[in-house]
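Reader: Could you walk me through how to read aromatic pairs and a nonpolar core in a protein model?

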Amino acid sequence: MTRGELTDQQWERLRSYLPPQKPQTGRPANDHRHILNGILWILRTGAPWRDLPKKYGSGKTVSSRFYRWQKAGRWQQIWSALQQQADAAGQIDGEVHMGDSTVVRAHQHAPAAKGGNKIKL
């Protein structure tokens, strides 16, 4: 395991929220943990899928799994479950763990920005 990859403890927490490793039909999927580490590498570096290191497998395979799970709502399920666990354990402090979007400035070319495209309501 290298820096930035899932620890055994983190993997055990996530494992149950992922689809079965061996689908009912077709060939077995590549190891979910390996794929998830590849997805995390992409998110951490901001690199394009084609630049994914070979140790994580094909960028095409990893990206298709990422988008398939996104379409199935898997990421939202994982986020909600982990958030509920943290809240139940008293690990979420609303003063620290909430963001206020009113402090985020819009780009000058954003819709409705001064001089930008006007939105008619």
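This is a predicted model: local features need pLDDT of at least 70, side-chain atom pairs count only at pLDDT 80 or more; totals for chains, interfaces and linings use all residues.

Reader: What describes a pair of aromatic rings?

Author: A pair of aromatic rings is described by how far apart the centres are and by the angle between the planes. Here, a search of the whole structure turns up 5 aromatic pairs. Take F66 and Y67: their ring centres are 5.1 Å apart and their planes meet at 80 degrees, so this pair is edge-to-face.

Reader: And how are the rings of F66 and W75 arranged?

Author: The centres of F66 and W75 lie 5.7 Å apart with the planes at 40 degrees, so that pair is tilted.

Reader: Which residues do the ring pairs link into a cluster?

Author: The cluster joins W49, F66, Y67, W69 and W75 through ring pairs.

Reader: Is F66 buried or exposed?

Author: F66 counts as buried, because its relative accessibility is 15% and the cut-off for buried is under 20%. Y67 is partly exposed at 44%, and W75 is partly exposed at 25%.

Reader: Now the core: how many residues does the largest nonpolar core have?

Author: It has 17 residues, and L18, L36, I39, W41, W49, L52 and V62 have the most contacts inside it. Helices α1 (8-15), α2 (32-45) and α3 (59-71) each supply at least two of the core's residues. Among contributors, α2 gives the most, with 5 residues.

Reader: What is V62 in contact with, leaving aside its neighbours within four places in sequence?

Author: V62 is in contact with I35, G38, I39, W49, L52 and Y56. Notice W49 again: this residue is also in the ring cluster.

Terms used: Residues are numbered from 1 along each chain as its sequence is written. Side-chain values use heavy atoms; hydrogens and water are left out. Rings of Phe, Tyr and Trp (its six-membered ring) pair if their centres lie within 6.5 Å; planes under 30 degrees apart count as stacked, over 60 as edge-to-face and the rest as tilted. Buried means under 20% relative accessible area, exposed over 50%, partly exposed in between (1.4 Å probe, protein chains only). A nonpolar core is a set of buried Ala, Val, Leu, Ile, Met, Phe, Trp, Tyr and Cys residues joined through side-chain atoms within 4.5 Å. Helices (H or I, at least four residues) and strands (E, at least two) are DSSP runs, numbered from the N terminus. Contact means heavy atoms within 4.5 Å.
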